[in-house]
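Welcome! Open the model in your viewer, keep the selection tool handy, and follow along one stop after another.

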Amino acid sequence: MIDSMPPAEVANADRFERFGLDADAQVVSRTRQEFTRWLQRFFDLDPVRCSDLVLAINEALANAAEFAYLLDDRPGTMDIQATYHPGKQKLTVHVCDRGTWRKRQIDPAPRTRGRGIPLMEALADRARIDTSGEGTRVELEWNGISRG
């Protein structure tokens, strides 16, 4: 888990970090836009691959903003940390919150919601979700990412 810190921002060729973000929809939108600009600036991604990465991290951020703090009496925070590993041409992204995990609903009836985790799993080369009493950590990885 990434420890809670005051809001902080880093964006360079190897890292994109936002810590202590308010867990709300406006912040998710702004962070998605900043992450997109970071990808476009530093990496050689075709538009489809770039869109896949952005959609996956958006789902992780949106889930944290919408669900992590439902049981809390005050708003919470979330963090995003993307690290590029040049020797492996791999991008790893962690999205963390300090809220409560909501169990995945398994319902045979058609739904219009609940597709975020399957989307992350389909869009990333590797997706892992760790939950604990301290919060949730989503780890997404993509291989074959080269610098622009």
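Start by selecting residues 135-143, which form strand β6 in this predicted model. Seven of the nine residues here are buried, so the strand is largely enclosed by the rest of the structure.

What lies alongside? Select residues 126-132 next: this is strand β5, joined to β6 by seven bridges, with the two running antiparallel. Look for alanine 127, whose bridge partner in β6 is leucine 140. The hairpin that links β5 to β6 passes through two residues.

Click on cysteine 96 and you will find arginine 137 as its bridge partner in β6. Cysteine 96 in β4 also stands opposite aspartate 79, so keep it highlighted for the next stop.Move on to residues 77-85, strand β3, where seven of the nine residues are buried. β3 pairs with β4 in the antiparallel sense over eight bridges. Four residues sit between these strands in their hairpin, and one stop there is glutamine 89, which takes a positive phi near 50 degrees.

From β3, select residues 15-22 to bring up strand β2; the two pair in the antiparallel sense over six bridges. Arginine 18 stands opposite isoleucine 80 in β3.

Finally, colour the protein by confidence. The mean pLDDT is 88, and 86% of the residues reach 70 or more. Among the strands, β4 has the highest confidence, with a mean of 98, while β1 (residues 8-11) has the lowest, at 73. Over residues 1-6 the pLDDT is below 50, and this stretch has 20 contacts in the model beyond near neighbours in sequence.

Technical notes. Residues numbered from 1 in each chain as written. Predicted model: local features only at pLDDT ≥ 70, side-chain atom pairs only at ≥ 80, totals over all residues. Heavy atoms only, no water. Buried < 20%, exposed > 50% of the residue type's maximum accessible area, 1.4 Å probe, protein only. Pairing = 2+ DSSP bridges. pLDDT = per-residue confidence, 0-100. Contact = heavy atoms within 4.5 Å.
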